[in-house]
Amino acid sequence: MPSDDSSVRDALNHQSLKVSRDDPGPRPMIAVLDARPGLAGQLREKIAELAAQVRREPGCLTFTAYEARDVPGRFYLYEVYASAAAFAEHLQTQPVHDFIAAVPALSTAQPGSLVQLDEITIG
């Protein structure tokens, strides 16, 4: 792990980030981040930096960041990785560690703000 910051280590060990590297299917997820008062612009910039870097990862299929129209300063990060192994590799990158380290100062989000998703099979 590139950083020895304990808050980054704790965040990366949160249950919402647990993956079985044997799961071969795509790994979709969404994170919801609410900016601390007056810090929406700074959080937006950090999210844009992260998105630009993560989109270049070979295992990243989609990384789209949104800001809620009706709740300024609320951000949604929609991410899809090719597999659980690709997501696990993503978690080890320096841009992710830097972002996780910056989040507590800029956002009220907790590690559980990231939710891994399973697609509902339709007919």
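A polar contact is a pair of N or O atoms within 3.5 Å; within protein, one of them must be able to donate a hydrogen and the other to accept it, and residues adjacent in sequence count only if both atoms are side-chain atoms. The model treated here is predicted, so that local features need pLDDT of at least 70 and side-chain atom pairs count only at pLDDT 80 or more, whereas totals for chains, interfaces and linings use all residues. Residues are numbered from 1 along each chain as its sequence is written, and side-chain values use heavy atoms, with hydrogens and water left out.

**Exercise 1. Describe the loop residue Arg-56 and the backbone atom that its side chain approaches.**

Begin with the location: Arg-56 is found in the loop between helix H2 (40–54) and strand S2, where helices (H or I, at least four residues) and strands (E, at least two) are DSSP runs numbered from the N terminus. Next, consider its accessibility, for which buried means under 20% relative accessible area, exposed over 50%, and partly exposed in between (1.4 Å probe, protein chains only). Arg-56 has 64% relative accessibility and therefore counts as exposed. Finally, a polar atom of the Arg-56 side chain lies 3.4 Å from the backbone oxygen of Ala-52.

**Exercise 2. Work out the order of the strands in the sheet and how they are paired.**

The 4 strands form an open sheet in the order S2-S3-S1-S4, with antiparallel pairing; two strands pair if DSSP finds at least two bridges between them. The edge strands, each pairing on one side only, are S2 (60–67) and S4 (114–116). Neighbouring strands of this sheet are turned by 15 degrees against each other on average, direction ignored; the axes behind such angles are lines fitted to C-alpha atoms, for helices over the stretch in contact, and the angles run from 0 to 180 degrees between N-to-C directions.

Then go through the pairs one at a time:

- S2 and S3 are joined by 7 bridges and run antiparallel; Phe-63 stands opposite Glu-79 in S3. The two strands form a hairpin with 6 residues between them, and Gly-73 in the turn has a positive phi of about 90 degrees.
- S1 and S3 are joined by 8 bridges, again antiparallel, and the bridge partner of Asp-34 in S3 is Arg-74.
- S1 (residues 27–34) and S4 are joined by 3 bridges and run antiparallel, with Leu-114 in S4 as the bridge partner of Ala-31.

**Exercise 3. Find the aromatic pair of the structure and explain why it is classed as tilted.**

A search of the whole structure finds 1 aromatic pair. The rings of Tyr-81 and Phe-87 have their centres 5.4 Å apart and their planes at 40 degrees, so the pair is tilted. The class follows from the cut-offs: rings of Phe, Tyr and Trp (its six-membered ring) pair if their centres lie within 6.5 Å, and planes under 30 degrees apart count as stacked, over 60 as edge-to-face and the rest as tilted. Both partners can then be checked for cover: Tyr-81 is buried, with a relative accessible area of 0%, and Phe-87 is buried at 1%.

**Exercise 4. Locate Pro-26 and list its contacts beyond its sequence neighbours.**

Pro-26 is in the loop between helix H1 (6–12) and S1, and counts as exposed at 57% relative accessibility. Leaving aside neighbours within four places in sequence, Pro-26 is in contact with Val-80, Tyr-81, Ala-82 and Ser-83, contact meaning heavy atoms within 4.5 Å. The C-alpha atoms of Pro-26 and Ala-84 are separated by 7.0 Å, although these residues are 58 apart along the chain. For the chain as a whole, 72% of the contacts between residues at least 6 apart in sequence join residues at least 24 apart.
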